Amino acid sequence: MAPANKTFQVTIRNSGQTIACAADRTILQAAIAAGVDYPYACATGNCATCISKLEEGKVSLLPHGDAALGKAQLKSGLTLACRARPRSDVTINWLARAAS
């Protein structure tokens with residue numbers, strides 16, 4: 001587990017931005033704080049609005065609903081930005097809608 005004070009770089013392919021994300025924050029929390037218009041609704045891992053493709057890097061997932069992200073989706077490289085905490089530098093691409 002990464003120390004809470006460790007910070008990783010998260011590249012959000014949709015917006016072309018790279019933001020800093022502390023190991024104790026979710027990618028969604030860091031994106032919102034950085035002004036990224038990341039798609040989300042519940043922010044609790046139950047709706048799948050923030051479902052994203054993890055293109056590079058590693059994350060750890062907080063508890064989430066199986067209906068929002070199942071085992072097959074996890075194996076295919078999908079994650080939930082609202083429940084994903086970075087464990088390395090990460091490149092991610094949201095699937096919900098096109099960048100605005």
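Visitor: Which side chain does Asn46 meet in a polar contact of 3.2 Å?

Guide: The partner is the side chain of Thr44. A polar contact is a pair of N or O atoms within 3.5 Å; within protein, one must be able to donate a hydrogen and the other to accept it, and residues adjacent in sequence count only if both atoms are side-chain atoms. This is a predicted model, in which local features need pLDDT of at least 70, side-chain atom pairs count only at pLDDT 80 or more, and totals for chains, interfaces and linings use all residues. Residues are numbered from 1 along each chain as its sequence is written, and side-chain values use heavy atoms, with hydrogens and water left out.

Visitor: Is Asn46 buried or exposed?

Guide: Asn46 is exposed, at a relative accessible area of 51%; buried means under 20%, exposed over 50%, and partly exposed in between (1.4 Å probe, protein chains only).

Visitor: What does Asn46 contact, beyond its neighbours within four places in sequence?

Guide: Asn46 is in contact with Gly65 and Ala68, contact meaning heavy atoms within 4.5 Å.

Visitor: Changing topic, how many disulfides are there?

Guide: The count is zero, where a disulfide is a pair of cysteine sulfur atoms within 2.5 Å.
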